[in-house]
Number of protein chains: 2
Amino acid sequence: MTSPTEAAEDVAWLSDAQLVEWKSLMALLMTLPPAIDAQLKRESGLNTFEYHVLVALSESPERWLPMSDLAVVAQGSLSRLSHAVGRLEQAGWVTRRACPGAGRRVKAHLTEAGMAKLEDAAPGHVREVQRLVVGRLTPEQLAALGEAARVIVDATEPRCTEHL
Amino acid sequence: MTSPTEAAEDVAWLSDAQLVEWKSLMALLMTLPPAIDAQLKRESGLNTFEYHVLVALSESPERWLPMSDLAVVAQGSLSRLSHAVGRLEQAGWVTRRACPGAGRRVKAHLTEAGMAKLEDAAPGHVREVQRLVVGRLTPEQLAALGEAARVIVDATEPRCTEHL
DNA sequence: CAGGTCGAGTTGAATGTTCAAGTCGCCCGG
DNA sequence: CCGGGCGACTTGAACATTCAACTCGACCTG
């Protein structure tokens, strides 16, 4: 990768400065998600995606969403969501019901137990977010990080940008 | 999560501004890695972690590293590395050899074929990094992103900060 | 030098994610 | 009203990662 004898001549390589920043970002992508995940799993038995599904449902007006919409908001494939909701349903935190008269649509509901679970899990999660991210950066740094993240997400998965 | 009737009173909640930035970062963590991974897998059949293992080996002076050191540089657990190197060895891109006279240490070598594979995979990967990240941000934005990433990584996994 | 223990690495089972079908309602053209 | 196609979801198999043993060599310590 840093080899001077690079095979493909027509590729715009990264400058040294760009390379450093990219490697820093890569390190962030490799280390932060596992750390967040570990805390949630340890203290609540939820993984990050399941947690976000519960959050998404809790934030919607009537505490339910069609699976397709939920997949977009929670930022995962429909398949991943289906498996995850299966687990959450097993645990009694979510229920599924067909939307009557609307094709094959299914809505996922957050149950009372699910809401309780979320309220139980949230404080520890927020504490960890504070400890690892929000509390480490100045407001300006955090704002710059968020702005850059939005730009990249918009390039990568425009559909997600709407829900920010 | 946004519920005003929050159960744990002693947790410092996030401000609205902090929440927006955190959600943007979260969206980045959920969307960018799959995008990077998809490109690598499509065009080279490697996943991100395997690619990083090859890069780490290619950047070390003699193109080999002990497994433990490799795990730190490539930023994964030893177990994950062992499985990954198993796959890379199957493909003929890496070989393993015991370090003689040094405990139970094992060094992983990058083969010629492995080097060729990496040189084949790198251009497409770099193009994608340009397309989704480096090319979207101003130099200042990129620098700010990198700096914030380093701060967070340092809080999360200090051992990784050395190799940036 | 016997026994303990620690660091390095491997292994296999359990879990989660992805990928490629497959199912099932609805709608639309004939 | 029938048949094909489409959108929404589910399912199961393949694959990767994690987690908890387990192996093995080196180094103490008595």
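Which helices each supply at least two residues of the surface near DNA strand D?

Modeller: This is a predicted model, in which local features need pLDDT of at least 70 and side-chain atom pairs count only at pLDDT 80 or more, while totals for chains, interfaces and linings use all residues. Residues are numbered from 1 along each chain as its sequence is written, chains are lettered from A and ligands numbered from 1 in the order in which they are written, and side-chain values use heavy atoms, with hydrogens and water left out.

The helices in question are H3 and H4 of chain A and H4 of chain B, each of which supplies at least two residues of the surface near DNA strand D. Helices here are DSSP runs (H or I, at least four residues), as are strands (E, at least two), and both are numbered from the N terminus. A residue is near a strand if one of its heavy atoms lies within 4 Å of it. There are 17 residues around DNA strand D, and A:Ser68, A:Ser82, A:Val106, B:Ser79 and B:Arg104 come nearest. Sugar and phosphate make up 63% of the atoms of DNA strand D that come within 4 Å of the protein. By class, the surface near DNA strand D has three nonpolar, eight polar and six charged residues. In this division Ala, Val, Leu, Ile, Met, Phe, Trp, Tyr, Cys and Pro count as nonpolar, Asp, Glu, Lys and Arg as charged, and the others, Gly among them, as polar.

The side chain of A:Arg104 has an N or O atom 3.4 Å from a base nitrogen of DNA strand D. An N or O atom of the A:Arg104 side chain is also 3.0 Å from a sugar or linking oxygen of DNA strand C.

For DNA strand C, the helices that each supply at least two residues of the nearby surface are H4 (78–90) of chain A with H3 (67–74) and H4 (78–90) of chain B.

Within chain A, helix H3 (residues 67–74) lies across S1, S2 and S3, at about 105° to S1(A). Contact means heavy atoms within 4.5 Å; axes are lines fitted to C-alpha atoms, for helices over the stretch in contact, and angles run from 0 to 180 degrees between N-to-C directions. The three strands form an open antiparallel sheet in the order S1-S3-S2, where strands pair if DSSP finds at least two bridges between them. S1(A) and S3 (residues 106–110) are paired over three bridges, with A:Trp64 opposite A:His109. Five bridges join S2(A) to S3(A), and A:Thr95 has A:His109 as its bridge partner.

Note on methods:
A polar contact is a pair of N or O atoms within 3.5 Å; within protein, one must be able to donate a hydrogen and the other to accept it, and residues adjacent in sequence count only if both atoms are side-chain atoms.
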